[in-house]
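Subject: Handing over the structure

Hi there,

Here is the structure I promised to pass on to you. Please open it first, and then read my notes below with the model beside you.

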Amino acid sequence: MSLSLQDEYIKRESLYGAQNYSPLSVVLERGEGVYLWDVDGNKYLDMVSAYSAVSHGHSHPELIKTIQDQAQKLAITSRAFYTEPFANFLQSLSKVSGFESVLTMNTGAEAVETAIKAARRWGYFTKGIPENKAEIIVADGNFHGRTTTIVGFSSDKSYKDGFGPFSSGFVEAKYCWSECDINESIASFKKMINKNTCAVLVEPIQGEAGIRVPQDGWLLKLRELCTSNNVLLILDEIQSGLGRTGKLFAYQHENIKPDGLILGKALGGAMLPISAFLSSKEVMDHFNAGSHGSTFGGNPLATKVASRALELLYEDNLIENSHILGDYFKSKLKSIDNKIIKDVRGKGLWIGMELNESEVNAKDLCLMLLNEGILCKETHKTVIRFAPPLMITKDQLDSAIKKITKVVRSI
Ligand SMILES: *Cc1c(COP(=O)(O)O)cnc(C)c1O
(Lines give C-alpha, C1' and ligand atoms only; values in the text may rest on other atoms or scores of the structure.)
Protein backbone atom coordinates (compact mmCIF):
# COMPACT_ATOMS: atom_id res chain seq x y z
CA MET A 1 0.00 0.00 0.00
CA SER A 2 2.79 2.43 0.88
CA LEU A 3 4.54 1.73 -2.42
CA SER A 4 1.40 2.63 -4.31
CA LEU A 5 1.34 6.08 -2.70
CA GLN A 6 4.66 6.89 -4.40
CA ASP A 7 3.45 5.33 -7.64
CA GLU A 8 0.37 7.52 -7.45
CA TYR A 9 2.39 10.79 -7.40
CA ILE A 10 4.78 9.55 -10.06
CA LYS A 11 1.86 8.68 -12.31
CA ARG A 12 0.20 12.02 -11.66
CA GLU A 13 3.37 13.90 -12.54
CA SER A 14 3.74 12.13 -15.86
CA LEU A 15 0.04 12.53 -16.62
CA TYR A 16 -0.07 16.30 -16.12
CA GLY A 17 3.55 17.41 -16.44
CA ALA A 18 6.00 17.86 -19.30
CA GLN A 19 8.42 14.96 -19.53
CA ASN A 20 11.59 17.03 -19.61
CA TYR A 21 13.22 15.08 -16.74
CA SER A 22 13.54 11.41 -15.86
CA PRO A 23 13.69 11.39 -12.05
CA LEU A 24 14.63 8.44 -9.85
CA SER A 25 11.50 6.69 -8.59
CA VAL A 26 11.32 8.27 -5.16
CA VAL A 27 8.81 10.86 -3.99
CA LEU A 28 10.38 13.18 -1.43
CA GLU A 29 8.48 14.93 1.29
CA ARG A 30 10.85 16.42 3.86
CA GLY A 31 14.46 17.46 4.30
CA GLU A 32 16.70 18.27 7.23
CA GLY A 33 20.45 18.82 7.02
CA VAL A 34 21.96 16.15 4.76
CA TYR A 35 18.89 13.93 4.95
CA LEU A 36 15.72 13.62 2.90
CA TRP A 37 12.63 11.54 3.62
CA ASP A 38 10.18 10.12 1.11
CA VAL A 39 6.40 10.09 1.55
CA ASP A 40 6.65 6.63 3.17
CA GLY A 41 9.11 7.84 5.77
CA ASN A 42 12.26 6.24 4.26
CA LYS A 43 15.39 8.24 4.98
CA TYR A 44 18.10 9.07 2.45
CA LEU A 45 21.42 10.86 2.48
CA ASP A 46 21.38 13.56 -0.20
CA MET A 47 24.41 13.41 -2.51
CA VAL A 48 22.73 15.45 -5.25
CA SER A 49 22.00 18.60 -3.24
CA ALA A 50 19.85 19.95 -6.07
CA TYR A 51 22.94 20.11 -8.28
CA SER A 52 24.94 21.89 -5.58
CA ALA A 53 22.20 24.36 -4.65
CA VAL A 54 21.90 22.83 -1.16
CA SER A 55 25.23 23.72 0.47
CA HIS A 56 23.78 24.87 3.79
CA GLY A 57 21.74 21.69 4.20
CA HIS A 58 17.99 21.30 3.93
CA SER A 59 15.75 23.45 6.12
CA HIS A 60 18.51 25.39 7.86
CA PRO A 61 16.80 26.72 11.02
CA GLU A 62 18.46 30.16 10.72
CA LEU A 63 17.32 30.51 7.12
CA ILE A 64 13.80 29.38 7.94
CA LYS A 65 13.68 32.06 10.61
CA THR A 66 15.01 34.67 8.18
CA ILE A 67 12.43 33.70 5.58
CA GLN A 68 9.57 33.80 8.08
CA ASP A 69 10.56 37.19 9.51
CA GLN A 70 11.05 38.80 6.12
CA ALA A 71 7.95 37.22 4.53
CA GLN A 72 5.85 38.75 7.31
CA LYS A 73 7.31 42.17 6.58
CA LEU A 74 7.78 42.44 2.84
CA ALA A 75 8.45 39.87 0.14
CA ILE A 76 8.11 41.35 -3.34
CA THR A 77 8.34 44.93 -4.53
CA SER A 78 9.98 44.90 -7.98
CA ARG A 79 12.90 47.23 -8.61
CA ALA A 80 10.57 50.18 -9.04
CA PHE A 81 11.42 50.89 -5.38
CA TYR A 82 14.37 50.66 -3.00
CA THR A 83 14.52 48.17 -0.10
CA GLU A 84 16.90 47.62 2.79
CA PRO A 85 17.49 43.86 2.21
CA PHE A 86 18.51 44.51 -1.40
CA ALA A 87 20.93 47.33 -0.54
CA ASN A 88 22.52 45.29 2.23
CA PHE A 89 22.83 42.19 0.08
CA LEU A 90 24.64 44.13 -2.66
CA GLN A 91 27.09 45.44 -0.08
CA SER A 92 27.64 42.02 1.52
CA LEU A 93 28.20 40.17 -1.75
CA SER A 94 30.53 42.89 -3.03
CA LYS A 95 32.57 42.80 0.21
CA VAL A 96 32.76 39.01 0.41
CA SER A 97 33.61 38.54 -3.28
CA GLY A 98 35.84 41.53 -3.87
CA PHE A 99 33.87 42.62 -6.95
CA GLU A 100 32.80 46.27 -7.15
CA SER A 101 29.34 45.80 -8.55
CA VAL A 102 26.49 43.27 -8.46
CA LEU A 103 23.42 42.71 -10.62
CA THR A 104 20.86 40.25 -9.24
CA MET A 105 18.58 37.95 -11.19
CA ASN A 106 16.71 34.76 -10.21
CA THR A 107 18.00 31.73 -12.08
CA GLY A 108 21.46 30.83 -13.22
CA ALA A 109 20.58 31.08 -16.90
CA GLU A 110 19.35 34.65 -16.40
CA ALA A 111 22.64 35.61 -14.77
CA VAL A 112 24.52 34.07 -17.71
CA GLU A 113 22.36 36.12 -20.09
CA THR A 114 23.22 39.17 -17.99
CA ALA A 115 26.92 38.40 -18.32
CA ILE A 116 26.55 38.06 -22.10
CA LYS A 117 24.79 41.44 -22.31
CA ALA A 118 27.42 43.08 -20.09
CA ALA A 119 30.28 41.64 -22.15
CA ARG A 120 28.71 42.80 -25.40
CA ARG A 121 28.05 46.35 -24.17
CA TRP A 122 31.62 46.57 -22.87
CA GLY A 123 32.76 45.28 -26.26
CA TYR A 124 30.82 47.94 -28.18
CA PHE A 125 31.12 50.92 -25.85
CA THR A 126 34.57 50.44 -24.32
CA LYS A 127 36.52 48.27 -26.73
CA GLY A 128 34.96 49.81 -29.84
CA ILE A 129 33.76 46.66 -31.60
CA PRO A 130 31.53 47.55 -34.60
CA GLU A 131 27.78 47.18 -34.02
CA ASN A 132 26.46 43.58 -33.90
CA LYS A 133 29.90 42.08 -34.46
CA ALA A 134 30.81 41.10 -30.87
CA GLU A 135 31.99 37.53 -30.36
CA ILE A 136 32.17 35.44 -27.20
CA ILE A 137 34.38 32.35 -26.99
CA VAL A 138 32.95 29.37 -25.07
CA ALA A 139 34.36 25.90 -24.41
CA ASP A 140 33.33 22.51 -25.75
CA GLY A 141 31.32 20.53 -23.18
CA ASN A 142 29.98 23.74 -21.61
CA PHE A 143 26.78 24.00 -19.62
CA HIS A 144 25.45 27.49 -18.92
CA GLY A 145 21.68 26.95 -18.76
CA ARG A 146 18.65 26.44 -20.95
CA THR A 147 17.62 29.67 -22.67
CA THR A 148 17.58 29.60 -26.47
CA THR A 149 20.68 31.81 -26.66
CA ILE A 150 22.60 29.62 -24.23
CA VAL A 151 21.67 26.23 -25.68
CA GLY A 152 22.60 27.64 -29.08
CA PHE A 153 26.29 27.48 -28.09
CA SER A 154 26.07 24.15 -26.25
CA SER A 155 27.94 21.20 -27.74
CA ASP A 156 25.30 18.77 -26.42
CA LYS A 157 22.84 17.81 -29.15
CA SER A 158 20.01 16.90 -26.77
CA TYR A 159 20.04 20.44 -25.31
CA LYS A 160 19.52 22.14 -28.66
CA ASP A 161 17.86 19.69 -31.02
CA GLY A 162 14.77 21.31 -32.54
CA PHE A 163 15.15 24.61 -30.69
CA GLY A 164 16.85 26.70 -33.38
CA PRO A 165 17.41 29.16 -34.95
CA PHE A 166 20.07 30.27 -32.50
CA SER A 167 21.88 33.55 -31.74
CA SER A 168 25.12 34.17 -33.56
CA GLY A 169 28.20 35.64 -31.93
CA PHE A 170 29.52 32.54 -30.16
CA VAL A 171 32.50 30.43 -31.14
CA GLU A 172 33.90 27.34 -29.47
CA ALA A 173 37.38 26.47 -28.25
CA LYS A 174 38.84 23.38 -26.60
CA TYR A 175 38.40 22.88 -22.84
CA CYS A 176 41.36 21.35 -21.02
CA TRP A 177 41.01 18.44 -18.67
CA SER A 178 42.43 15.02 -17.91
CA GLU A 179 45.30 14.22 -20.30
CA CYS A 180 44.81 17.47 -22.17
CA ASP A 181 47.73 19.49 -23.44
CA ILE A 182 47.34 22.93 -21.83
CA ASN A 183 49.14 24.71 -24.65
CA GLU A 184 46.93 23.07 -27.25
CA SER A 185 43.78 24.21 -25.44
CA ILE A 186 45.08 27.75 -24.95
CA ALA A 187 46.12 27.84 -28.61
CA SER A 188 42.56 26.93 -29.62
CA PHE A 189 41.25 29.92 -27.61
CA LYS A 190 43.95 32.14 -29.10
CA LYS A 191 42.98 31.06 -32.61
CA MET A 192 39.37 32.16 -31.98
CA ILE A 193 40.35 35.64 -30.74
CA ASN A 194 40.02 38.51 -33.20
CA LYS A 195 39.39 42.25 -32.93
CA ASN A 196 35.67 41.61 -32.34
CA THR A 197 36.14 39.24 -29.40
CA CYS A 198 34.64 40.73 -26.24
CA ALA A 199 34.82 37.80 -23.81
CA VAL A 200 35.78 34.26 -22.98
CA LEU A 201 33.04 32.50 -20.99
CA VAL A 202 33.93 29.22 -19.23
CA GLU A 203 33.26 27.12 -16.14
CA PRO A 204 36.42 26.72 -14.01
CA ILE A 205 35.31 23.09 -13.54
CA GLN A 206 32.68 21.68 -15.90
CA GLY A 207 29.92 20.20 -13.72
CA GLU A 208 27.24 18.94 -16.08
CA ALA A 209 29.87 17.56 -18.46
CA GLY A 210 30.91 15.16 -15.69
CA ILE A 211 33.04 17.11 -13.18
CA ARG A 212 35.77 17.83 -15.71
CA VAL A 213 38.64 19.36 -13.73
CA PRO A 214 41.12 21.30 -15.89
CA GLN A 215 44.81 20.71 -15.44
CA ASP A 216 46.61 22.98 -13.00
CA GLY A 217 47.80 26.12 -14.72
CA TRP A 218 45.16 26.16 -17.44
CA LEU A 219 42.98 28.89 -15.96
CA LEU A 220 46.02 31.04 -15.22
CA LYS A 221 47.12 30.78 -18.85
CA LEU A 222 43.60 31.58 -20.02
CA ARG A 223 43.64 34.65 -17.75
CA GLU A 224 46.93 35.78 -19.29
CA LEU A 225 45.62 35.22 -22.80
CA CYS A 226 42.50 37.33 -22.10
CA THR A 227 44.50 40.10 -20.45
CA SER A 228 47.03 40.39 -23.25
CA ASN A 229 44.25 40.53 -25.88
CA ASN A 230 41.92 42.96 -24.08
CA VAL A 231 39.21 40.30 -23.76
CA LEU A 232 37.03 39.86 -20.65
CA LEU A 233 37.37 36.57 -18.76
CA ILE A 234 33.95 35.62 -17.42
CA LEU A 235 33.60 32.59 -15.16
CA ASP A 236 30.37 30.71 -14.63
CA GLU A 237 30.64 29.63 -10.99
CA ILE A 238 26.94 28.95 -10.56
CA GLN A 239 27.78 25.43 -9.43
CA SER A 240 31.45 25.66 -8.47
CA GLY A 241 31.18 28.85 -6.42
CA LEU A 242 30.44 29.60 -2.77
CA GLY A 243 32.59 26.89 -1.24
CA ARG A 244 31.62 23.89 -3.32
CA THR A 245 35.24 23.23 -4.40
CA GLY A 246 36.79 23.95 -1.00
CA LYS A 247 37.49 27.61 -1.70
CA LEU A 248 34.98 30.47 -1.85
CA PHE A 249 35.40 30.49 -5.64
CA ALA A 250 37.02 27.80 -7.77
CA TYR A 251 39.24 30.36 -9.53
CA GLN A 252 41.04 30.95 -6.22
CA HIS A 253 42.73 27.57 -6.66
CA GLU A 254 44.72 29.30 -9.41
CA ASN A 255 45.17 32.68 -7.74
CA ILE A 256 43.57 34.59 -10.58
CA LYS A 257 40.65 36.99 -10.75
CA PRO A 258 38.12 37.01 -13.58
CA ASP A 259 36.56 40.21 -14.98
CA GLY A 260 33.06 38.86 -14.51
CA LEU A 261 31.64 36.20 -12.20
CA ILE A 262 28.29 34.41 -12.38
CA LEU A 263 26.70 32.96 -9.23
CA GLY A 264 23.44 31.13 -8.53
CA LYS A 265 22.32 27.87 -6.98
CA ALA A 266 23.69 27.90 -3.38
CA LEU A 267 23.41 31.71 -3.27
CA GLY A 268 19.80 31.30 -2.12
CA GLY A 269 20.71 29.13 0.87
CA ALA A 270 18.71 26.19 -0.51
CA MET A 271 15.57 28.21 0.06
CA LEU A 272 14.91 30.53 -2.87
CA PRO A 273 16.21 31.09 -6.39
CA ILE A 274 18.59 34.01 -6.65
CA SER A 275 21.50 34.56 -9.00
CA ALA A 276 23.96 37.33 -9.68
CA PHE A 277 26.45 38.73 -12.13
CA LEU A 278 29.43 40.45 -10.54
CA SER A 279 31.98 42.68 -12.18
CA SER A 280 33.91 45.93 -12.07
CA LYS A 281 32.12 49.26 -12.28
CA GLU A 282 33.79 49.76 -15.65
CA VAL A 283 31.86 46.79 -17.08
CA MET A 284 28.68 47.09 -15.02
CA ASP A 285 28.16 50.81 -15.62
CA HIS A 286 27.27 50.08 -19.22
CA PHE A 287 23.87 49.00 -17.88
CA ASN A 288 21.67 52.06 -17.58
CA ALA A 289 18.03 52.41 -16.54
CA GLY A 290 15.80 50.46 -18.86
CA SER A 291 18.57 48.37 -20.44
CA HIS A 292 18.04 45.20 -18.41
CA GLY A 293 15.83 43.91 -15.63
CA SER A 294 13.76 41.27 -13.89
CA THR A 295 10.48 41.53 -11.98
CA PHE A 296 11.62 39.26 -9.16
CA GLY A 297 15.35 39.98 -9.38
CA GLY A 298 16.67 41.43 -6.11
CA ASN A 299 13.40 41.03 -4.24
CA PRO A 300 13.60 41.67 -0.47
CA LEU A 301 12.72 38.11 0.51
CA ALA A 302 15.38 36.40 -1.61
CA THR A 303 18.07 38.99 -0.88
CA LYS A 304 17.43 38.84 2.87
CA VAL A 305 17.84 35.05 2.78
CA ALA A 306 20.90 35.29 0.52
CA SER A 307 22.61 37.76 2.86
CA ARG A 308 22.11 35.40 5.80
CA ALA A 309 23.25 32.45 3.65
CA LEU A 310 26.50 34.29 2.86
CA GLU A 311 27.18 34.80 6.57
CA LEU A 312 26.42 31.15 7.29
CA LEU A 313 29.05 30.05 4.76
CA TYR A 314 31.53 31.25 7.40
CA GLU A 315 29.58 30.73 10.63
CA ASP A 316 28.95 27.10 9.71
CA ASN A 317 32.48 26.66 8.37
CA LEU A 318 31.16 25.30 5.08
CA ILE A 319 34.11 26.23 2.86
CA GLU A 320 36.76 24.62 5.05
CA ASN A 321 34.56 21.58 5.63
CA SER A 322 34.19 21.18 1.87
CA HIS A 323 37.97 21.35 1.48
CA ILE A 324 38.85 18.90 4.26
CA LEU A 325 36.07 16.36 3.80
CA GLY A 326 36.29 16.66 0.01
CA ASP A 327 39.93 15.54 0.04
CA TYR A 328 39.05 12.76 2.47
CA PHE A 329 36.05 11.58 0.42
CA LYS A 330 38.05 11.56 -2.80
CA SER A 331 40.90 9.55 -1.29
CA LYS A 332 38.42 7.03 0.16
CA LEU A 333 36.68 6.61 -3.19
CA LYS A 334 40.03 6.15 -4.90
CA SER A 335 41.02 3.50 -2.39
CA ILE A 336 37.98 1.34 -3.26
CA ASP A 337 40.20 0.30 -6.18
CA ASN A 338 37.71 -1.77 -8.17
CA LYS A 339 37.60 -2.62 -11.86
CA ILE A 340 34.26 -0.86 -12.36
CA ILE A 341 35.82 2.50 -11.38
CA LYS A 342 37.77 4.21 -14.14
CA ASP A 343 38.48 7.56 -12.51
CA VAL A 344 37.70 9.59 -9.40
CA ARG A 345 38.08 13.35 -9.72
CA GLY A 346 36.86 16.65 -8.35
CA LYS A 347 37.60 19.43 -5.89
CA GLY A 348 36.04 19.86 -2.47
CA LEU A 349 32.75 18.06 -1.93
CA TRP A 350 32.11 17.87 -5.66
CA ILE A 351 33.33 14.56 -6.94
CA GLY A 352 32.79 12.61 -10.12
CA MET A 353 33.27 8.85 -10.17
CA GLU A 354 33.66 7.65 -13.74
CA LEU A 355 32.68 4.04 -14.36
CA ASN A 356 33.89 1.54 -16.90
CA GLU A 357 31.00 1.43 -19.34
CA SER A 358 31.50 -2.25 -20.06
CA GLU A 359 31.02 -3.15 -16.37
CA VAL A 360 28.02 -1.13 -15.23
CA ASN A 361 26.04 1.94 -16.23
CA ALA A 362 25.84 4.89 -13.91
CA LYS A 363 22.05 5.01 -13.65
CA ASP A 364 21.94 1.36 -12.47
CA LEU A 365 24.53 2.11 -9.83
CA CYS A 366 22.48 5.12 -8.67
CA LEU A 367 19.45 2.81 -8.31
CA MET A 368 21.50 0.39 -6.21
CA LEU A 369 22.68 3.27 -4.02
CA LEU A 370 19.09 4.46 -3.69
CA ASN A 371 18.26 1.07 -2.15
CA GLU A 372 21.05 1.69 0.37
CA GLY A 373 19.60 5.10 1.25
CA ILE A 374 21.93 7.27 -0.80
CA LEU A 375 20.62 9.68 -3.41
CA CYS A 376 23.03 10.46 -6.24
CA LYS A 377 22.77 11.40 -9.89
CA GLU A 378 24.47 10.15 -12.99
CA THR A 379 25.64 12.35 -15.79
CA HIS A 380 26.35 11.17 -19.34
CA LYS A 381 25.78 7.45 -18.62
CA THR A 382 29.24 6.86 -17.14
CA VAL A 383 29.78 9.40 -14.35
CA ILE A 384 28.20 9.48 -10.91
CA ARG A 385 28.31 12.81 -9.16
CA PHE A 386 28.67 13.03 -5.41
CA ALA A 387 27.86 16.49 -4.06
CA PRO A 388 26.54 16.32 -0.49
CA PRO A 389 25.49 19.45 1.40
CA LEU A 390 28.68 21.17 2.59
CA MET A 391 27.64 20.84 6.24
CA ILE A 392 27.96 17.04 6.13
CA THR A 393 29.92 15.59 9.07
CA LYS A 394 32.74 13.06 8.89
CA ASP A 395 30.55 10.41 10.52
CA GLN A 396 27.78 10.92 7.99
CA LEU A 397 30.31 10.79 5.18
CA ASP A 398 31.92 7.63 6.60
CA SER A 399 28.57 5.89 6.65
CA ALA A 400 27.99 6.88 3.01
CA ILE A 401 31.47 5.70 2.00
CA LYS A 402 30.78 2.32 3.63
CA LYS A 403 27.59 1.93 1.59
CA ILE A 404 29.17 3.08 -1.67
CA THR A 405 32.05 0.63 -1.15
CA LYS A 406 29.62 -2.21 -0.43
CA VAL A 407 27.58 -1.51 -3.56
CA VAL A 408 30.63 -1.17 -5.82
CA ARG A 409 32.13 -4.44 -4.51
CA SER A 410 28.80 -6.27 -4.97
CA ILE A 411 28.91 -5.83 -8.76
C1 LIG B 1 22.94 24.99 -13.05
C2 LIG B 1 23.88 25.76 -13.89
C3 LIG B 1 23.41 26.79 -14.74
C4 LIG B 1 21.94 27.12 -14.91
O5 LIG B 1 21.33 27.51 -13.75
P6 LIG B 1 19.71 27.53 -13.67
O7 LIG B 1 19.41 28.10 -12.32
O8 LIG B 1 19.26 26.11 -13.82
O9 LIG B 1 19.24 28.37 -14.80
C10 LIG B 1 24.35 27.50 -15.46
N11 LIG B 1 25.66 27.22 -15.37
C12 LIG B 1 26.14 26.24 -14.58
C13 LIG B 1 27.61 25.99 -14.51
C14 LIG B 1 25.26 25.45 -13.84
O15 LIG B 1 25.72 24.46 -13.09
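Let me begin at the surface: Asp-161 is exposed, and Lys-157 is exposed too (exposed means over 50% relative accessible area, buried under 20%, and partly exposed in between, with a 1.4 Å probe and protein chains only). The side chains of these two residues, Asp-161 and Lys-157, form a salt bridge with an N to O distance of 3.7 Å (a salt bridge is a side-chain nitrogen of Lys or Arg within 4 Å of a carboxyl oxygen of Asp or Glu).

Before going further, a word on the model: it is predicted, so local features need pLDDT of at least 70 and side-chain atom pairs count only at pLDDT 80 or more, while totals for chains, interfaces and linings use all residues. Residues are numbered from 1 along each chain as its sequence is written, and side-chain values use heavy atoms, with hydrogens and water left out.

How many salt bridges does a search of the whole structure find? The search finds 17. One of them joins the side chains of Lys-342 and Glu-354, at 3.9 Å from N to O. Lys-342 sits in strand S11 (residues 341-346) and Glu-354 in strand S12 (residues 351-355), so this pair ties together parts that are twelve residues apart in sequence (helices, H or I with at least four residues, and strands, E with at least two, are DSSP runs numbered from the N terminus). Lys-342 counts as exposed, at 54% relative accessibility, whereas Glu-354 counts as buried, at 14%. Glu-354 also has a salt bridge with Arg-345, where the closest N and O atoms are 2.7 Å apart. Arg-345 is buried, with a relative accessible area of 10%. Elsewhere, a network of salt bridges links Glu-62, Arg-308, Glu-311 and Glu-315.

**Around the ligand**

Which residues surround the ligand? They are Thr-107, Gly-108, Ala-109, Phe-143, His-144, Gly-145, Glu-203, Asp-236, Ile-238, Gln-239 and Lys-265 (a residue is near a molecule if one of its heavy atoms lies within 4 Å of it). A polar side-chain atom of Asp-236 is 2.6 Å from a nitrogen atom of the ligand. For Phe-143, a backbone N or O atom lies 3.3 Å from a ligand nitrogen atom. Lys-265 has a side-chain N or O atom 2.7 Å from an oxygen atom of the ligand.

**The second largest pocket**

This pocket holds about 370 Å³ of space (on a 1 Å grid over the protein atoms alone, a pocket is an open set of points where a 1.4 Å probe fits, with protein on both sides within 12 Å along at least five of seven lines, and lining residues have an atom within 4 Å of a point; points are joined across faces, edges and corners, and the volume is the space filled by probe spheres set on them). Of its 17 lining residues, Arg-79, Phe-86, Val-102, Leu-103 and Phe-287 are the closest to the centre. Helix H4 (84-97) and strand S4 (101-105) each supply at least two lining residues, and S4 gives the most, with five.

**Loops worth a look**

His-56 is in the loop between helix H2 (49-52) and helix H3 (61-73). His-56 counts as buried, at 3% relative accessibility, and its side chain reaches the backbone oxygen of Ala-309 at 2.8 Å.

The loop between helix H7 (157-160) and strand S6 (170-173) holds Ser-167, which is partly exposed with a relative accessible area of 35%. The side chains of Ser-167 and Thr-149 are joined by a polar contact of 3.2 Å (a pair of N or O atoms within 3.5 Å; within protein, one must be able to donate a hydrogen and the other to accept it, and residues adjacent in sequence count only if both atoms are side-chain atoms). Pro-165 is also in the loop between H7 and S6, and a cis peptide bond with omega of about 0° joins Gly-164 to Pro-165.

Most residues other than glycine have a negative phi, and most peptide bonds are trans. Ser-78, in the loop between H3 and H4, has a positive phi of about 70° although it is not a glycine. Asn-317 likewise is not a glycine and has a positive phi, of about 60°; Asn-317 lies in the loop between helix H11 (300-315) and helix H12 (318-334).

Happy exploring!
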